[in-house]
Amino acid sequence: MRVYVPLTLPALAEAHKTGELGSGPFVAYAVTPALREWYVSEDVEELEYAALSRAALASLRRIAADPGAVRRRVVVAVDVPDGAARVDPDRGLDPAALGEVTVTSSVPLAKAAAVHVDADDAEQDVAAAAEALEAADGGDEDAQFVVDGADDHELLWYATQEIPHLVGPAV
């Protein structure tokens with residue numbers, strides 16, 4: 001099963017240093033039955049993009065919680081064995097948890113298929129979105145517009161061999 005793990009650049013640097021994406025349990029995003037129902041598509045690529053987008057929002061939440069993190073969303077795509085990612089049946093239809101899974105096993109970073117990261121030019125919009133997140137969660141429509149502005153930036157695709165370049169000495 002392909003899962004999308006939300007991180008920050010410092011968390012990616014730590015994963016690169018330790019060689020482990022997560023030791024389980026940890027939250028990731030995937031094409032779940034609830035996500036399929038919500039997105040109303042049978043196109044696997046569209047569904048995977050929706051799961052990636054959910055992980056990007058979770059990455060934004062991690063950025064908002066870490067004032068020292070570089071303001072660029074990070075999502076790692078990785079394939080885990082069937083059964084290693086579980087959907088919480090009590091949260092399956094919760095709109096805030098669409099696509100959310102719990103990965104129960106350890107995942108080596110070497111198993112990652114790709115890394116998706118914002119370009120440098122997204123930092124200002126991602127920073128504004130991180131600042132507006134709490135107000136948007138409270139129903140502020142103007143703040144939600146700012147949060148949605150981060151989605152105007154497509155996450156760039158990087159091969160796993162490029163991780164050292166992404167985390168470089170500046171992170």
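Predicted model: local features only at pLDDT ≥ 70, side-chain atom pairs only at ≥ 80, totals over all residues.

User: Why is A56 called buried?

Analyst: A56 has a relative accessibility of 4%, and the cut-off for buried is under 20%. The value falls under that limit, so A56 counts as buried. As for its place, A56 is part of helix α3, residues 44-65.

User: And how far is A56 from Y158?

Analyst: Their C-alpha atoms are separated by 15 Å, while along the chain A56 and Y158 are 102 residues apart.

User: What about D152, is that one buried or exposed?

Analyst: D152 is exposed: its relative accessible area is 65%, and exposed means over 50%. You'll find D152 in the loop between α5 (141-149) and β9 (156-158).

User: What makes a negative surface patch here, and which residues form it?

Analyst: The patch consists of D121, D125, D148 and D152. Asp counts as negative, and like charges are joined within 9 Å. Patch members also need over 30% relative accessible area and no salt bridge. For D152, the 65% is there to check against that area limit.

User: Now the strands. Why is β8 described as largely enclosed?

Analyst: Because five of the six residues in β8 (residues 112-117) are buried. The rest of the structure does the enclosing. Strand β4 (residues 74-79) is mostly covered too, with five of its six residues buried.

User: How do you know that β4 and β8 pair?

Analyst: Pairing takes at least two bridges, and β4 and β8 have five, in the antiparallel sense. Two examples: V76 stands opposite V115, and V75 stands opposite H116.

User: How many bridges join β1 to β4?

Analyst: Six, with strand β1 (residues 2-7) and β4 running antiparallel. With at least two needed, β1 and β4 count as paired. Y4, for instance, has A77 in β4 as its bridge partner.

User: So where does β4 sit in all this?

Analyst: β4 pairs with β8 over five bridges and is joined to β1 by six.

Key
Residues numbered from 1 in each chain as written. Heavy atoms only, no water. Patch = residues over 30% accessible without salt bridge, like charges linked within 9 Å, V, L, I, M, F, W, Y side chains within 5 Å. Areas by Shrake-Rupley, 256 points an atom, 1.4 Å probe, with all protein chains shown as cover. Salt bridge = Lys/Arg side-chain N within 4 Å of Asp/Glu carboxyl O. Charge placed at Lys NZ, Arg CZ, Asp CG, Glu CD. Helix = DSSP H or I, 4+ residues; strand = E, 2+ residues; numbered from the N terminus. Buried < 20%, exposed > 50% of the residue type's maximum accessible area, 1.4 Å probe, protein only.
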